[in-house]
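Here is a short briefing to read alongside the model. Have the viewer open and follow the topics in turn.

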Amino acid sequence: MKDSEILEKIKKRDESALDYLYKKNYKMMVKMIIRNNGSEEEAKDIFQDALIVVWQKAYSPDFVLSSKLSTYIYSICQNLWRKELERKSRLTGEQPVEKGESYDLDKQERANIINKCIEDLGETCRKILTYYYFDNLSMNDIAEKLGFANADTAKTKKYKCKKELDNKIKSLYTAKDFLD
Amino acid sequence: MDNNFYSQDKIDDFLAGKLSETEKLKFEEYITKDPLVNNEFKLQEEIVNHLKEHRKAELKARLDNINVSATSSYAGLKIAAGIVGTLLLSTALYFSLYNKPAEQPALPLQSMEYQTAPESADLKAPETEALAAPAEELSTVTHAESEPKFEIKRESRVARLKKRSEKQTAETLALSPAFTEVAEPKISDFESEDFHIDPTVHQHKGEIQGSNAAKLDNISVKIGQKKNKDFHYQFFSNKLFLYGKFNEKPYEILELNSKGGRELYLKYEGSYYALKSNQIDIVPLKEIHDKEIIRELESLKK
């Protein structure tokens with residue numbers, strides 16, 4: 001498959017483009033990271049993150065590919081791995097900071113509540129919201145992907161789903177505050 | 001319009017990146033002035049970030065389920081190509097052996113191997129091009145080739161898939177006389193007595209390499225011991241690592257080439273084991289039971 005065809009698929013939010021890129025470039029990317037002191041698990045994780053970056057970037061109308069797609073992915077992997085190595089080296093040299101401990105616990109608690117509420121959403125609601133916020137799909141695209149009558153239906157559903165999620169999170173968070 | 005609703009709507013548009021630059025600036029200014037809106041904005045930002053993380057995790061899980069160990073969907077094609085290649089090889093071998101005097105000893109064949117060794121350098125370039133391997137892999141190959149080595153050379157190719165004549169696909173045999181554990185073989189090993197044994201007896205340890213006609217790349221074999229890793233293997237930096245007591249009994253590595261790539265097999269104590277060149281982790285050697293492949297490997301031996 002040509003690079004232009006892959007990019008076209010990504011723009012259409014066709015996930016099979018990711019599968020193709022993953023299979024095609026796996027060996028090369030993983031080797032690069034393993035050669036630079038990474039494990040295969042870490043390499044997989046970084047490579048997957050790199051593909052997500054491509055998924056996000058290539059969707060933008062301003063995106064211009066100035067090299068081969070595999071070269072582009074390779075450079076993203078290199079950058080991500082460099083950052084990861086820096087993060088790891090910082091962690092080994094750092095002392096735990098006690099000051100932010102309660103704040104982190106609070107943040108963690110909130111994160112747990114939010115994640116639970118997202119999990120509890122119906123599949124359609126979850127898809128609408130993730131397509132909208134992560135994949136940047138328009139209401140038209142969401143309607144087409146999920147089989148709604150039109151963009152207006154998608155918009156109304158999105159509004160209701162978001163409201164449902166917000167209300168659940170707020171009610172749980174308030175209850176938790178009250179119990180505390 | 002309800003002020004709260006208005007804020008919610010704006011927050012949502014802002015987080016979804018739907019505001020223009022001017023609107024963004026206005027909105028940022030607006031939320032700093034109103035602490036209630038600011039708090040709501042922070043919560044909404046957190047929720048949206050979690051939704052994004054959720055989707056990201058979903059896509060990563062999708063990728064995780066892709067089987068990358070199977071090199072490609074051309075496995076069937078590879079086997080078919082291997083069969084055709086072996087047939088061609090058998091034919092080439094039959095004619096070459098038939099035309100040779102029966103009493104011709106094995107040693108001259110080996111001598112020829114060393115005499116013709118420099119020629120292989122000329123043939124490396126086109127084959128390397130054909131492989132189109134990543135640059136970093138090629139550098140390893142070049143390094144490996146610069147060292148003197150004992151080799152077991154076995155190769156079958158499909159003439160129609162490669163731009164080479166059938167003559168060049170003839171199998172070359174060389175023997176691995178003495179294999180020192182883990183360390184690279186030395187030139188002095190060439191003088192070892194074992195070197196003069198019959199090449200048809202496959203009782204050798206050593207390295208595998210492409211034929212003189214076209215060197216693909218070198219794979220050094222390293223033998224090592226690891227706790228709980230008896231009879232395991234892995235490939236790393238273009239080297240095959242065998243874990244177990246491979247220095248006690250003879251083993252043999254066979255190679256089948258086809259369009260889809262190279263298939264490597266280990267023969268040990270009469271059984272064949274598949275070797276995947278992309279196997280980075282240490283895994284147990286798995287015996288192959290596919291009769292077709294075994295037959296091809298047996299015929300390759302003959």
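**Helix H2 of chain A**

Just after H2(A), Asn37(A) takes a positive phi of about 70 degrees. This is a predicted model, in which local features need pLDDT of at least 70 and side-chain atom pairs count only at pLDDT 80 or more, while totals for chains, interfaces and linings use all residues. Residues are numbered from 1 along each chain as its sequence is written, and chains are lettered from A and ligands numbered from 1 in the order in which they are written.

- Helix H2 of chain A covers residues 16-35; helices (H or I, at least four residues) and strands (E, at least two) are DSSP runs, numbered from the N terminus.
- Its 20 residues reach 29 Å from first C-alpha to last, close to the 28 Å expected at 1.5 Å a residue, where the expected span is 1.5 Å times one less than the number of residues.
- H2(A) has a kink of about 60 degrees centred on Asn25(A), the bend being the angle between axes fitted to the seven residues ending there and the seven starting there.
- Buried residues of H2(A) include Leu21(A), Tyr26(A), Met29(A) and Lys31(A); buried means 20 or more other C-beta atoms within 10 Å of a residue's own, with C-beta atoms placed from the backbone.

**Nonpolar cores**

- The largest nonpolar core has 23 residues, and Met29(A), Phe47(A) and Cys77(A) are among those that touch the most other members; such a core is a set of buried Ala, Val, Leu, Ile, Met, Phe, Trp, Tyr and Cys residues joined through C-beta atoms within 7 Å.
- Helices H1 (3-11), H2, H3 (40-57) and H4 (69-93) of chain A each give two or more residues to this core, and H2(A) gives the most, with eight.
- Apart from this core lies another, of 21 residues, among them Tyr132(A) and Ile47(B).

**Chain B and the interface**

- Chain B has eight helices and ten strands, and 26% of its 302 residues count as buried.
- Strand S5 (residues 239-243) of chain B is mostly covered, with four of its five residues buried.
- Strand S3 (residues 220-224) of chain B runs parallel to S5(B), joined by five bridges, and Lys222(B) stands opposite Phe241(B); strands pair if DSSP finds at least two bridges between them.
- Strand S4 (residues 232-236) of chain B runs antiparallel to S5(B), also with five bridges, and Phe235(B) stands opposite Leu240(B).
- The contact between the chains takes 20 residues from chain B and 28 residues from chain A, two residues being in contact if their C-beta atoms, placed from the backbone, lie within 7 Å.

Note on methods
Buried ≥ 20, exposed ≤ 12 C-beta atoms within 10 Å, placed from the backbone.
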